[in-house]
Amino acid sequence: MKKIEEQLEGIEEILSVLIKKTSAIEGLIQRSDQVPDATNNDMIAEIKSHVLKLPTANVLLGTLTAIQKNIQFIPRETKVENYHHFDLKSKGFIISAAILLIVSTLCIGMAVSSFRENSRLQASDLKYRMIRQVYPGIGAWADSTYFRDPQSAESETQKLEARELVLKDAEKLLKQKQQETENAQNILKKLRKE
């Protein structure tokens, strides 16, 4: 029983040494500035000397020689090629991203439109409040007309606006005709003087 325990302890010691040495070898392989072959061979020779001192050396000696052969075939650099492509699995992701982009654009558009409308309504509210303060009778008339019947108030407003446009057009036409009349009189006076 003691022999088995001694052998197990020996194997544990060997394994701990092997782990340290292999991690050191891996570190050296990762660093490309040192030549891994010479340092690996030195470390493996040192490991073999430790292994030969233990009673289970013959078991691990074969493993160490296999590890040494495998280390010689490890390349210094490994090439990693990434291939980026779209396939059927990524179609759902692309569609989801497009839908999110469209929804985000619509939301931003609605927010900008609401902001503009809100600004316009605030300006109209301020104008109406100013009129109510300066001309309270007109403000009271507008309020009573609107609250009696909002639809007729809208049609009445449209009629008043249309009438105002007709009056402005008539005034403009009258001014134009007066100007033409004055021009014609000036031409007539010049012709009579000649």
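Colleague: What makes up residues 93-112, and how far apart are the end C-alpha atoms?

Modeller: The span is 100% helix and 0% strand, and its end C-alpha atoms lie 29 Å apart. A helix here is a DSSP run (H or I, at least four residues), numbered from the N terminus. This is a predicted model, in which local features need pLDDT of at least 70 and side-chain atom pairs count only at pLDDT 80 or more, while totals for chains, interfaces and linings use all residues. Residues are numbered from 1 along each chain as its sequence is written, and side-chain values use heavy atoms, with hydrogens and water left out.

Colleague: Where does the label "transmembrane region" come from?

Modeller: From UniProt, whose unreviewed entry places that feature at residues 93-112. Such annotations may be inferred rather than shown by experiment.

Colleague: Why is helix 4 called oblique to helix 5?

Modeller: The two helices pack at an angle of about 125°, with their axes 5 Å apart. That angle makes helix 4 oblique to helix 5, because oblique is what remains after roughly parallel (under 35 degrees), roughly perpendicular (65 to 115) and roughly antiparallel (over 145). The angle is taken between N-to-C directions, from 0 to 180 degrees.

Colleague: Which residues meet where helix 4 touches helix 5?

Modeller: Tyr 128, Ile 131, Arg 132, Gln 133 and Val 134 of helix 4 meet Pro 136, Ile 138, Gly 139, Ala 142 and Asp 143 of helix 5, contact being heavy atoms within 4.5 Å. By class, six are nonpolar, two polar and two charged; Gly counts as polar, and Tyr and Pro as nonpolar.

Colleague: What makes a space count as a pocket?

Modeller: On a 1 Å grid, a pocket is an open set of points where a 1.4 Å probe fits, with protein on both sides within 12 Å along at least five of seven lines; lining residues have an atom within 4 Å of a point. The largest pocket has a volume of about 420 Å³. Of its 15 lining residues, the closest to the centre are Trp 141, Ala 142, Ala 153, Thr 157 and Leu 160.

Colleague: Which helix gives the most to that lining of the largest pocket?

Modeller: Helix 6, with seven residues; helix 4 (88-134), helix 5 (136-148) and helix 6 (150-193) each supply at least two. The lining has nine nonpolar, three polar and three charged residues.

Colleague: What lines the second largest pocket?

Modeller: Arg 120, Leu 121, Ser 124, Asp 125, Tyr 128, Ala 142, Asp 143, Tyr 146 and Phe 147 line that pocket, which holds about 230 Å³ of space. Helix 4 gives the most, with five residues.

Key:
Points joined across faces, edges and corners; volume = space filled by probe spheres on them.
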